[in-house]
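Let's take a walk through the charged pairs of this protein. Please have the sequence and the model open side by side as you read.

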Amino acid sequence: MSLPENRPVAGGCSRPIRLSGHVDHVDTATGEIRRSFTSSDQPGGVLHVRCGNRRESACPACSAVYKRDARRLVLAGLAGGKGVPDTVTGHPAWFVTLTAPSFGPVHSRRQKGGKAGPVRACHPRRGLCPHGRPAGCHERHHEADSRLGSPLCGDCYGYGRSVVWNALVPKLWKVTRDATESAVAAAAGLTVAGLRRSARMSFVKVAEMQARGVVHLHVVVRVDGPGGPGSAPPGWAAGELVADALRGVVGSVAVPAPDPDAGTFDGRADGWAVRWGAQVDIRRITLDGAAAGGAVANYLAKYITKSAAAGGALDRPVRSLAALARLTLPPHLRRLVETCWRLGRDAVFAAALDAALGRESGDVPRLVRWSHSFGFGGHWLTKSRRYSTTFTALRTVRRVWSRTIGAAMAGRIPVDAFGRLEGDENTIVLGAWTYAGRGLHLGGYGADPPELPSSRAAAGPVGTWRAER
């Protein structure tokens, strides 16, 4: 059996995952098992599922779905919906942008008065750097200029500190979050325990990779009552107390880290203080205007689908320096990856970095493992538990809706193997699946891509799952 021509598979996914297996329905009262679905009845004997990649360069279809879900997740915490009460619109919230410090001057596009203003000269400076290169750049770069983000002098740029800073961003954010809670409690005249009894601070955070290869964080901070989004926040949260406390914390918080630029490394984990950059933006989220909830949600969703490198060359881990040599990369990005490998292969430095992160060392050094994202190994989107809904909940609703609409169009009612409505509490859904490859199987004409040999599919582990109620 082959796939019909022009039939969309797995929602139009570019490289769907092929699974072989079945789904069983179990009657909780009698223990009877009935097979509900088997991949052997599908074209090629496999089931195609979405890859779920968030990067637009890797899979436009899955990236578009991820982007919509991310927007809904952010917006639900500001405007309500998806299980969040509408009264949350009256809770004070702030949009915070945390940037990286400078590791050396880079080519940039500067505009006077915002994006609509005239373009300024890049770095109007005279003279030479210590390496004999021009210390400035007088060009007015076009927005598509390939030099944007690259250093004026590669030898002056702090590549080591750049990748270490990326690696420590998750720890720096955790310290910032904890310190903010303490600062807000002190400003409100409360203890931390007292603050938690009167208010709850929720957040959603999105990481954005800049052209120069460092991460910026965009954060939505919301203050609720002690019961979460369904309870009214205290009166002191209506002013600028939270924003002022956050500004003080961002300017003072630091994480000790090993210094990669030290001439000789002695294994100390506190040779350098990792801090946020000087450019910090904290603005109140309003009902309308540039800082409205919908605008903020669109802004965050736009950046969540970006790749570390234009064209998607670094969408996958770099397995070796030989693999890196085969990639087409700008010199600046290539040197960032090489720096990750150089520092990650230093056992003493890698151990000190893991100690600074408060994590145990793995089989693969952290900088080597995350060299394709220039050392950053954190999640690109995270949120506190009570901020809003989850990706899992959004996918579940979409799956139920799709099955219901499909059954309605076919003129039938969606039922399980026992004739009950799908989701009935007397039926347990169990699945057993084996990885069978990646990419479309076109009934004998499709095969695994060259970089994914079929032997991997044969050795794929069997996975089981139980449907959530």
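Helices here are DSSP runs of H or I with at least four residues, numbered from the N terminus. The model is a predicted one.

With that in hand, turn to helix 1, where R72 and D69 sit 3 residues apart, about one turn of the helix. Their side chains form a salt bridge, with an N to O distance of 3.2 Å. How exposed is each partner? D69 counts as buried because its relative accessible area is 2%, under the 20% cut-off. R72, in contrast, counts as partly exposed because its relative accessibility is 34%.

D315 and R55 pair through their side chains in a salt bridge, at 3.6 Å from N to O. The two residues are 260 residues apart: R55 belongs to the loop between strand 3 (47-49) and helix 1 (60-79), while D315 belongs to the loop between helix 5 (293-304) and helix 6 (321-325). Both D315 and R55 are buried.

Finally, visit R34 and E32, which also form a salt bridge, their closest N and O atoms lying 2.8 Å apart. R34 is classed as partly exposed because its relative accessibility is 34%, and E32 is likewise partly exposed, at 35%.

What lies behind such contacts? Side chains of opposite charge can pair when their charged atoms come close. Across the model, the count comes to 20 salt bridges, so there are others to explore if you count a side-chain nitrogen of Lys or Arg within 4 Å of a carboxyl oxygen of Asp or Glu.

Technical notes:
Residues numbered from 1 in each chain as written. Predicted model: local features only at pLDDT ≥ 70, side-chain atom pairs only at ≥ 80, totals over all residues. Heavy atoms only, no water. Buried < 20%, exposed > 50% of the residue type's maximum accessible area, 1.4 Å probe, protein only.
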